[in-house]
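Subject: Structure for your review

Dear colleague,

Please find below the structure I am handing over to you. My notes on it follow directly after.

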Protein chains: 2
Amino acid sequence: MTPNRTAFFVSDRTGITAEMLGHSLLTQFEHVSFTEITLPFVDSAEKARDTARQIDQTAAKDGSRPLVFSTLVDKELSGIIQGANGFYIDCFQVFISPMETELAVKSSHTVGRSHSVRNNNSYFNRMEAVNFALSHDDGQTTKQLDEADVILVGVSRCGKTPTCLYMALQFGIRAANYPLIPEDFEAKKLPSALHDHRKKMFGLTIRADRLQRIRHERRPGSTYSSMENCEYEIREAEILMRAEGISILDTSTKSIEELATTILQIANLHRHVY
Amino acid sequence: MTPNRTAFFVSDRTGITAEMLGHSLLTQFEHVSFTEITLPFVDSAEKARDTARQIDQTAAKDGSRPLVFSTLVDKELSGIIQGANGFYIDCFQVFISPMETELAVKSSHTVGRSHSVRNNNSYFNRMEAVNFALSHDDGQTTKQLDEADVILVGVSRCGKTPTCLYMALQFGIRAANYPLIPEDFEAKKLPSALHDHRKKMFGLTIRADRLQRIRHERRPGSTYSSMENCEYEIREAEILMRAEGISILDTSTKSIEELATTILQIANLHRHVY
């Protein structure tokens with residue numbers, strides 16, 4: 001029997017930080033089921049009062065007060081929310097005061113700026129990383145591979161594209177990807193355009209049953225999506241990647257966040273989450 | 001004169017939560033310049049001791065102790081880090097104990113699971129959302145537009161693609177995008193395939209100087225990238241979008257996080273950060 005509780009993530013900006021921290025904390029309570037609601041842009045007294053009302057109504061409906069994770073920095077706004085019938089968890093202010101003491105400066109108490117376009121150059125670079133990932137997706141071009149931070153290789157549909165896009169969007173990393181195909185297995189080596197870039201290359205692999213399921217969604221009943229062919233391609237790709245000395249990561253058991261983190265760590269690339 | 005301090009983000013998993021919260025907190029201290037270092041996968045006593053050593057060395061080098069934002073849940077590991085010469089900021093445990101009291105259950109004290117592939121179906125849907133965004137990028141197809149959660153329209157290079165990819169990757173939202181081109185301006189209406197989907201359509205616009213800069217990077221000296229043409233397209237696109245009753249957002253002043261958050265809020269779509 002799992003009691004159901006509501007959790008609100010309240011922010012004066014996008015709410016991404018509040019939601020990510022709050023959600024991480026909730027996963028520590030696996031025997032409680034939570035309804036999670038994010039309320040972004042709570043940046044006026046009126047919106048704070050609306051939020052307080054929503055918290056009160058939820059408390060009445062649920063029969064228990066909701067958890068309220070907040071990153072509000074404005075004391076008037078947070079005061080209004082704290083007046084509602086919720087369990088208020090201050091994700092931000094609780095740290096600010098000890099940090100002020102440690103750093104011996106006052107904080108600026110400005111509303112969340114970590115997800116704004118404040119730093120134009122860094123934002124522009126990140127968008128360029130997205131463009132790079134798109135134009136270097138699926139081996140579309142081998143031009144400018146020297147500008148790539150990393151190059152992912154692996155069989156078709158093993159997870160290269162989402163991983164590259166994630167690295168670009170979240171970390172501003174320039175990631176290309178290249179599919180390994182039967183011609184490469186027969187040649188028993190990497191395409192010549194890739195050969196010189198082995199040092200920044202990472203191999204992705206996947207369990208055959210998972211690949212089969214993904215390929216079947218695209219092309220049901222094809223040779224391409226048959227279990228036999230999936231097993232063959234995965235086996236040959238792994239042999240090739242090992243022979244070329246490329247680190248291999250398994251996308252069946254790792255999320256794109258875990259893959260990206262592992263790749264950046266091995267490649268010793270500086271990361272900066274956006 | 002801005003003092004320089006080092007900040008570490010230490011995690012037993014990807015470090016994304018620690019880094020995002022820690023970075024948000026650091027932006028509140030705009031007169032201090034920080035060197036930010038993320039240390040993910042600190043999941044053994046040996047790695048914790050390596051981390052402690054790195055903190056000590058940095059403290060000696062900087063002449064001031066680093067800030068250490070940690071989401072470690074294992075007490076042995078966090079104890080080792082706390083023994084180092086850093087200012088330890090516990091981003092997780094500080095909330096767990098009050099939450100245990102409020103929820104009247106003990107937390108599971110398992111290592112971070114919010115960025116794992118634990119929930120297979122949700123993860124699969126998210127990857128499908130990425131595929132949807134890619135196959136419906138730049139008006140490639142008008143098939144399955146009824147399956148789209150949102151459709152972004154706007155002139156070429158105004159930011160539709162990164163915003164769609166971000167919504168897919170971060171929130172699992174199915175987002176298509178369609179470029180508005182001179183033929184649409186002359187016809188003074190949306191392409192017929194889009195017409196029925198106006199309710200889930202959002203218009204992006206951009207300042208002409210910014211668009212000019214972006215287009216110039218792609219096709220220097222072309223009519224396409226000329227200031228005159230950029231101004232013309234933006235003006236006509238805004239007239240068309242207004243006439244069709246489509247909400248317009250400006251990508252010059254809003255980041256993709258802010259655009260995504262605003263769109264999901266207006267569209268009343270449930271969001272779930274991954």
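In this predicted model, the largest nonpolar core contains 146 residues, and the members that touch the most others in it are Phe69(A), Ala168(A), Phe69(B) and Ala168(B).

I begin with Phe69(B). Leaving aside residues up to four places away in sequence, Phe69(B) touches Ala7(B), Phe8(B), Phe9(B) and Val10(B), then Ala18(B), Leu21(B) and Gly22(B), and also Ile89(B) and Cys91(B).

Ala168(B) belongs to the contact between two helices. On the α5(B) side, Ala129(B), Val130(B), Phe132(B) and Ala133(B) take part, and they meet Cys164(B), Leu165(B), Ala168(B) and Leu169(B) of α6(B). By class, this contact has eight nonpolar residues, with no polar and no charged ones. The axes of the two helices come within 8 Å and cross at roughly 165°. Because angles over 145 degrees count as roughly antiparallel, α5(B) is described as roughly antiparallel to α6(B). The crossing of α5(B) and α6(B) is right-handed.

Helix α2(B), residues 45-62, packs with helix α3(B), residues 75-82, at an angle of about 20°, and their axes are 8 Å apart. Angles under 35 degrees count as roughly parallel, and α2(B) and α3(B) are therefore roughly parallel to each other. Here too the crossing is right-handed, with α2(B) passing α3(B). From α2(B), the contact draws on Ala45(B), Ala48(B), Arg49(B), Thr51(B) and Ala52(B), while α3(B) supplies Glu76(B), Leu77(B), Ile80(B) and Ile81(B). Sorted by class, the residues of this contact are six nonpolar, one polar and two charged.

Finally, I turn to how the two chains meet. In chain B, 56 residues are in contact with 57 residues of chain A. Several elements of chain B give two or more residues to the side that touches chain A: the helices α1 (16-26), α4 (93-103), α5 (120-135), α6 (160-171) and α11 (256-266), together with the strands β2 (33-39) and β4 (87-90). The largest share of that side, eight residues, comes from α1(B). By class, the side of chain B that touches chain A has 26 nonpolar, 20 polar and ten charged residues.

With kind regards

Note on methods: Residues are numbered from 1 along each chain as its sequence is written. Chains are lettered from A and ligands numbered from 1 in the order in which they are written. This is a predicted model: local features need pLDDT of at least 70, side-chain atom pairs count only at pLDDT 80 or more; totals for chains, interfaces and linings use all residues. Axes are lines fitted to C-alpha atoms, for helices over the stretch in contact, and angles run from 0 to 180 degrees between N-to-C directions. Helices (H or I, at least four residues) and strands (E, at least two) are DSSP runs, numbered from the N terminus. Angles under 35 degrees count as roughly parallel, over 145 as roughly antiparallel, 65 to 115 as roughly perpendicular and the rest as oblique. A crossing is left-handed if the near helix is turned anticlockwise from the far one by less than a right angle, and right-handed if clockwise. Two residues are in contact if their C-beta atoms, placed from the backbone, lie within 7 Å. Ala, Val, Leu, Ile, Met, Phe, Trp, Tyr, Cys and Pro count as nonpolar, Asp, Glu, Lys and Arg as charged, and the others, Gly among them, as polar. A nonpolar core is a set of buried Ala, Val, Leu, Ile, Met, Phe, Trp, Tyr and Cys residues joined through C-beta atoms within 7 Å. A residue is buried if 20 or more other C-beta atoms lie within 10 Å of its own, exposed if 12 or fewer, and partly exposed in between; C-beta atoms are placed from the backbone.
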